[in-house]
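Work through the exercises below with the sequence and the model open. Each task is followed by a solution in steps.

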Amino acid sequence: MLNIVKNILKPLLRHKAAIIFTSVLAAYLAPFIILRQNAHFTINDNLDWITAWTVLINSGKTFDLTGTVSQMLGEVPRSCLPSGFNVITWLYLVLPPFRAYLVNMLIVHSTAFIGMYLLLRHYCLTDQRQTWLAWAGAASFATIPFYTVYGLSIAGQPLLFYAMFNAFHDKKMTITVAIIIFFALYSSLPLVGVFILAALGLAALFDYWRNRKKRPKFWGAIALLAASYCITEIWLIYNAFFSAGFVSSREEIDRILLGQVRDWPGVQSLIMENFINGQYHAVSLHKYILFIAVPLALALGWRQKRECKLILLLLLLALCLSVFYGFRYSEFFMSGVAGISFFNTFQIQRFHWLHPLIWYTIFALTLSVIANIRYIGRLLVVLLLVLQLGFLFGNNSEYYLALKEQTGVSVMENAWLYENISYGEFFSDSLLEKVDNYIGRPKQEYRIVSIGLYPAITQYNGFYTLDGRLNIYPLEYKHAFRQIMAKELAKNPFWQRYFDYWGITCYIFPAELEYYQVRKSYQLKLNHMELDIAAFKRLGGQYILSAAEITNYEENNLEFLQRFTEAWSPWEIYLYRAR
């Protein structure tokens with residue numbers, strides 16, 4: 001019996017680091033799996049984006065290159081919606097929306113974990129005795145609160161760079177090719193792909209200049225990534241180079257008029273903010289790495305010259321990316337490119353999306369250095385891991401709220417908590433079903449707009465909307481939609497600048513609202529609304545779903561129909577019909 005127990009425990013003990021840190025990731029993901037639609041997720045740039053996929057799937061035009069989709073923004077070209085050759089699209093194609101969202105989340109964090117382990121184990125921490133640190137670094141990276149709607153754009157970078165190092169050293173080419181294609185199918189070319197290709201191209205050129213070696217497999221891997229993106233992003237490429245049907249709304253983006261220009265002190269502040277805190281779309285939560293782990297490693301482990309040199313080089317690279325990020329918003333740069341459409345519409349500063357990978361590679365290297373310090377090294381490493389993982393868990397509002405929902409216990413207060421409603425509460429399907437039943441008509445026969453309510457909510461529930469949010473849609477439609485609320489924009493300079501000079505958010509912006517989202521607990525009323533209902537009707541609009549009561553609805557040629565509410569929903573909907 002004792003021998004049987006030993007035989008069972010032996011492989012477990014041999015892989016105890018893998019088990020421990022896999023359990024850390026499992027503990028991170030467990031509340032979301034258990035709570036499902038009662039779990040909390042970030043709304044802005046996350047839940048309000050997923051209806052791009054649901055609308056696309058509902059249209060039946062997932063793999064069409066041309067044609068139009070009529071459920072959002074009146075009617076938009078198919079090429080404005082997500083790629084049909086993307087893993088996230090395929091998930092929404094085969095699964096109900098929430099399951100697709102959850103499975104995507106699990107894949108993203110699991111891939112981050114596996115990819116970071118492979119990169120660290122094979123190319124950073126090659127000492128067999130430090131395998132456990134590779135698992136530790138992987139768990140730290142995998143518990144970053146990624147924006148999972150971006151797929152593997154950030155979370156998959158370690159796996160991609162593991163493949164690229166394989167190609168550089170001419171190893172494991174079959175799995176390398178598979179990883180590169182998988183990354184292209186599960187990431188975004190404009191968000192991160194172009195910057196990774198640029199970085200890899202510069203690295204390849206530098207290597208050739210320094211070593212005079214051709215490395216055809218490495219160059220081939222870069223070419224494969226570029227070619228794969230040409231296929232997966234064919235809709236984007238079609239829009240950019242072959243579609244003559246419309247001018248993009250992005251043509252009116254004006255960062256100067258948006259107030260994004262910084263003077264020199266402002267640029268310095270932006271650089272330091274990005275270097276110390278990162279940027280929320282590419283969040284890395286690396287303060288403890290920068291201010292505790294790095295100084296400890298350099299001060300106590302300076303004899304380990306290779307690792308310390310690599311830490312310093314990566315720190316310099318992270319700083320350079322932050323400098324470029326700040327310079328992008330400088331008066332000097334912005335005035336120099338004023339009037340050049342490309343620099344207004346394309347966010348060239350997104351090299352900083354490489355920051356999370358850089359910071360957690362630095363973290364793993366610092367742990368490696370500190371672990372070799374006699375007597376106290378391992379203790380310091382454990383303390384740093386507990387500190388960093390605690391910081392990651394504690395500063396992740398999604399995890400915090402999910403844990404609070406599950407246990408009923410309020411853990412640490414968190415400054416990031418501002419969207420404390422669950423997935424189910426956000427989309428409020430039963431509340432919107434009441435509205436649908438009251439109207440009593442097939443949804444495709446009429447068009448609606450929302451006020452104080454994300455159009456993503458109504459789109460998710462099958463309504464056909466004149467409003468919506470896409471990175472690209474026709475500029476002509478933006479101008480026609482603007483007429484509906486022209487008087488409101490004239491009364492509120494903030495909303496006027498936001499709509500006119502950013503414009504990807506095509507919502508009705510009442511001048512009386514300071515923030516777009518209106519929950520029923522706010523008890524807000526719109527007393528001075530001025531809408532052009534004739535312009536609304538010209539676009540096919542018939543109903544308005546407002547989260548705030550419009551007290552002067554008669555002056556706006558509207559008919560009040562009904563108020564809808566449910567105790568559990570954060571929304572209260574006032575239904576109006578255009579007369």
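## Exercise 1: Strand β10

In strand β10, Arg577 is the bridge partner of Tyr543. The model is predicted, so local features need pLDDT of at least 70 and side-chain atom pairs count only at pLDDT 80 or more, while totals for chains, interfaces and linings use all residues. Residues are numbered from 1 along each chain as its sequence is written, and side-chain values use heavy atoms, with hydrogens and water left out.

Task: Which strands pair with β10 in the antiparallel sense?

Solution. 
1. Helices (H or I, at least four residues) and strands (E, at least two) are DSSP runs, numbered from the N terminus. Two strands pair if DSSP finds at least two bridges between them.
2. Strand β7 (residues 541-546) pairs with β10 over four bridges, in the antiparallel sense.
3. Strand β9 (residues 558-565) is also antiparallel to β10 (residues 572-578), with seven bridges. A hairpin of six residues joins β9 to β10.
4. Individual positions can be checked: Glu559 stands opposite Arg577, and Arg563 stands opposite Tyr574.
5. As for cover, six of the seven residues of β10 are buried. Buried means under 20% relative accessible area, exposed means over 50%, and partly exposed lies in between (1.4 Å probe, protein chains only).

## Exercise 2: Salt bridges

Task: How many salt bridges does a search of the whole structure find? Then describe the pairs Arg469 with Asp45, Lys434 with Glu566 and Lys443 with Asp436.

Solution. 
1. Side chains of opposite charge can pair when their charged atoms come close. A salt bridge is counted when a side-chain nitrogen of Lys or Arg is within 4 Å of a carboxyl oxygen of Asp or Glu.
2. The search of the whole structure finds 16 salt bridges.
3. Arg469 and Asp45 meet through their side chains at 2.8 Å, N to O. Arg469 lies in strand β4 (residues 468-469) and Asp45 in helix α3 (residues 43-47), so this pair ties together parts that are 424 residues apart in sequence.
4. Arg469 counts as buried at 10% relative accessibility, and Asp45 is buried at 7%.
5. Lys434 and Glu566 form a salt bridge at 3.5 Å, N to O. This pair links distant parts of the chain, with Lys434 in helix α22 (residues 429-439) and Glu566 in the loop between β9 and β10, 132 residues apart.
6. Lys434 is partly exposed, with a relative accessible area of 37%, whereas Glu566 counts as buried at 13%.
7. In the pair of Lys443 and Asp436, the closest N and O atoms are 3.0 Å apart. Both Lys443 and Asp436 are buried.
8. Salt bridges with shared partners join Asp45, Asp48 and Arg469 into one network.

## Exercise 3: Cysteines

Solution. 
1. A disulfide is a covalent bond between the sulfur atoms of two cysteines. The cut-off used here is a pair of cysteine sulfur atoms within 2.5 Å.
2. The closest cysteine sulfur to that of Cys230 is in Cys80, 20 Å away, which is too far for a bond.
3. For Cys308, the closest cysteine sulfur is in Cys124, 15 Å away and also too far for a bond.
4. Cys230 is partly exposed, with a relative accessible area of 43%, while Cys308 counts as buried at 7%.
5. The structure holds zero disulfides.

## Exercise 4: A nonpolar patch

Task: Which residues make the nonpolar surface patch of about 560 Å²?

Solution. 
1. Patches are made of residues with over 30% relative accessible area and no salt bridge; like charges are joined within 9 Å, and nonpolar side chains (Val, Leu, Ile, Met, Phe, Trp, Tyr) within 5 Å. Accessible areas come from the Shrake-Rupley method with a 1.4 Å probe, and for residues only the protein chains shown count as cover.
2. The patch is made by Phe63, Phe85, Trp90, Leu93, Val94 and Ile231.
3. Helix α5 (residues 87-94) gives the largest share, three residues.
4. Leu93 is in helix α5 and is partly exposed, with a relative accessible area of 37%.
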